[in-house]
Amino acid sequence: MNKTIEKIDFEKENGLVPVVTQDSTTNEVLMLAYMDKEALELTLKTNFAHYFSRSKQRIWKKGESSNHTQEIQSISVDCDNDTILLKVVQNGVACHTGRKSCFFTDLATNEITTDIEVDTTAAYGVVDTLYHTILEKQNDDPSQSYTAKLLQGKQNSMLKKIVEEAGEFAFAVKDDDTDEIIYEGADLMYHCLVALASKNVSPDRIKQELSRRFGLSGIEEKNSRIEN
């Protein structure tokens, strides 16, 4: 196993190599992702695809949330030893949108070429689904999409909206208005997700940080940041 891994040149791109994943039966390209050395080791050990997410900054098993896993049939490396090709049995769908492949938009016409096969909202959760929807709207016409307008506009405008929504949420809490708390909380969360998307920071990293703080008192956590 170690000799196999040592063939891969992980040093070219900060310890990561691109991975092209194909359906082993049809050779359809399902997705492009990245692996570091540990992700490749886990893939070889478990025979299920593991990748390194640049937005989440962690290793993830394909299908860890949706159970749409990828069973490895073969692993190849290219002539420069810096790109991996996986051939897999795709259980379920490969794309978080619920499509078989992540490649479903025609570049020339911007048309969607394949239909959604699975509703993945329940599997990924509404926050992650909304985050990915925001990412997909980055290049939309800002005159037709409020999300695109925020992402393509001046950063200060986006930040002012977050401050504005935070103030409205605070007043809703102060007024003890449950309906307004929910409504303004949703507005605030949406605008925060837009800001995260603008920096390509997955909400998963917020979850990781919250998880890290379990068992720490607020005072300990603040002191640790001051010391660092």
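Mentor: Two residues are in contact when heavy atoms of theirs lie within 4.5 Å. The structure is a predicted model, in which local features need pLDDT of at least 70 and side-chain atom pairs count only at pLDDT 80 or more, while totals for chains, interfaces and linings use all residues. Residues are numbered from 1 along each chain as its sequence is written, and side-chain values use heavy atoms, with hydrogens and water left out.

Trainee: How many helices and strands does the protein chain have?

Mentor: Helices (H or I, at least four residues) and strands (E, at least two) are DSSP runs, numbered from the N terminus. The C-alpha trace of the chain spans about 60 × 50 × 30 Å along its principal axes. Its secondary structure comes to 9 helices and 6 strands.

Trainee: What percentage of the 228 residues is buried?

Mentor: A residue is buried under 20% relative accessible area, exposed over 50%, and partly exposed in between (1.4 Å probe, protein chains only). Among the buried residues are Thr-43, at 0% relative accessibility, and His-50, at 8%. For the 228 residues of the chain, the buried share is 32%.

Trainee: To which residue's backbone nitrogen does the side chain of Thr-43 reach?

Mentor: Thr-43 belongs to helix α2, residues 37–46. Leaving aside residues up to four places away in sequence, Thr-43 touches Met-35, Phe-48, Ala-49, His-50, Ile-72 and Ile-75. A polar contact is a pair of N or O atoms within 3.5 Å, one able to donate a hydrogen and the other to accept it; residues adjacent in sequence count only if both atoms are side-chain atoms. At 3.0 Å, the side chain of Thr-43 reaches the backbone nitrogen of His-50.

Trainee: Which element gives the largest share of the lining of the largest pocket?

Mentor: On a 1 Å grid over the protein atoms alone, a pocket is an open set of points where a 1.4 Å probe fits, with protein on both sides within 12 Å along at least five of seven lines; lining residues have an atom within 4 Å of a point. The largest pocket holds about 1,300 Å³, a volume being the space filled by probe spheres set on the points, which are joined across faces, edges and corners. Two or more lining residues come from each of β2 (29–35), β3 (50–53), β4 (58–61), α4 (126–136) and α8. The largest share, 5 residues, is given by α4.

Trainee: Is Leu-32 buried, partly exposed or exposed?

Mentor: Leu-32 is one of the residues closest to the centre of the largest pocket, along with His-96, Cys-102, His-132 and Leu-135. Leu-32 lies in strand β2 and touches Pro-18, Val-19, Val-20 and Phe-103, not counting residues up to four places away in sequence. Because its relative accessible area is 47%, Leu-32 counts as partly exposed.

Trainee: What is the volume of the second largest pocket?

Mentor: The lining of the second largest pocket includes Phe-104, Asn-110, Ile-112 and Leu-135. Lys-137, Gln-138 and Asp-140 are also among its lining residues. The volume of this pocket is about 240 Å³.

Trainee: Why does Asn-110 count as exposed?

Mentor: Asn-110 is in the loop between β6 (84–90) and α3 (121–124). Its phi is positive, about 65°, although Asn-110 is not a glycine. Asn-110 counts as exposed because its relative accessibility is 57%.

Trainee: What is the phi of Asn-27?

Mentor: Most residues other than glycine have a negative phi. Asn-27, in the loop between β1 (17–23) and β2, counts as partly exposed at 39% relative accessibility. Its phi is positive, near 65°.

Trainee: Which residue caps the N-terminal end of helix α8?

Mentor: Helix α8 covers residues 203–213 and is followed by Gly-215, whose phi is positive, near 90°. At the N-terminal end, a side-chain oxygen of the capping residue lies 3.0 Å from the backbone nitrogen of Asp-204. The capping residue is Ser-202.
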